[in-house]
Amino acid sequence: MAMAATLALPTMFVSCKHDDDKNAADPKPKIPVESVTLNLHDTTIFKGENFILSATILPANADTLGIDWKSGDNAVVTVNSTGTVIGLGKGSTYVYAISLGGSKKDSCVVKVIENIEIADPNFLKALVADPNINTNGDDGIDPKEALNAKVLDLSGKKITLPHYMAMFI
């Protein structure tokens, strides 16, 4: 009587991808950050005050949409992970918004003041007479100082005058 033997061999399937295979799925292409833009580039705040910077990343569908926030001088301002900037000490520094990949960034100059220092005598006269000053320069007031006064909340703040200006008020 003859015996039959069955031999089990492992089966291997091999798949080869050809360049001309149109049905093969290609990996998702990388979309790099092209730019980071802040909502402010220059601002002045009082010591102890805060504000929020916001960053726009383009394109909106970039692979990495996160921002790393940095202060140029932590003695002047700090910035947290949400872009909240806090004025700590008198001075001026940059706050940076850096894409998480580190390839793109934008910055804002932040000046922190303790008191308002006014050098324009016409501005002082106008401020005492009418706190609703204009910023177009047609009244002889330095437009930049007038704009600073409108932007800053002057209520309850100490205004420091240079000693030679007291005679103008």
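This is a predicted model: local features need pLDDT of at least 70, side-chain atom pairs count only at pLDDT 80 or more; totals for chains, interfaces and linings use all residues.

Student: Noted. And how many bridges join β3 to β7?
Tutor: Three bridges link β3 with β7, the strand spanning residues 84–87, and the two run antiparallel.

Student: What sheet do those strands belong to, and in what order do they come?
Tutor: They sit in an open sheet of three strands, ordered β3-β7-β6, with antiparallel pairing. The edges are β3 (50–52) and β6 (77–79), each of which pairs on one side only. From one strand to the next, the twist averages 20°.

Student: What about the four-strand sheet, what's its order?
Tutor: The order there is β2-β9-β8-β5; this sheet is open too, and its pairing is mixed.

Student: How does β5 pair with β8, parallel or antiparallel?
Tutor: Antiparallel, over five bridges, with β8 covering residues 91–99. To pick out a residue, D68 has I98 as its bridge partner in β8.

Student: Switching topic: how many aromatic pairs turn up in the whole structure?
Tutor: A search of the whole structure gives one. Y94 and Y96 make up that pair, and their rings are stacked, at 5.8 Å centre to centre with 20° between the planes.

Student: Why does that count as stacked?
Tutor: The cut-off for stacking is planes under 30 degrees apart, so the 20° between Y94 and Y96 qualifies.

Student: And how accessible are the two tyrosines, Y94 and Y96?
Tutor: Y94 has 40% relative accessibility and counts as partly exposed. Y96 is partly exposed as well, with a relative accessible area of 26%.

Student: Zooming out, how many helices and strands are there in the protein?
Tutor: Two helices and 11 strands. Along the sequence the pattern reads β-β-β-β-β-β-β-β-β-β-α-α-β.

Student: Last one: how much of the protein is buried?
Tutor: Of the 169 residues, 27% are buried. The accessible surface is about 11800 Å², and carbon and sulfur atoms account for 55% of that area.

How values were computed
Residues are numbered from 1 along each chain as its sequence is written. Side-chain values use heavy atoms; hydrogens and water are left out. Rings of Phe, Tyr and Trp (its six-membered ring) pair if their centres lie within 6.5 Å; planes under 30 degrees apart count as stacked, over 60 as edge-to-face and the rest as tilted. Buried means under 20% relative accessible area, exposed over 50%, partly exposed in between (1.4 Å probe, protein chains only). Two strands pair if DSSP finds at least two bridges between them. Accessible areas come from the Shrake-Rupley method with a 1.4 Å probe; for residues, only the protein chains shown count as cover. Axes are lines fitted to C-alpha atoms, for helices over the stretch in contact, and angles run from 0 to 180 degrees between N-to-C directions.
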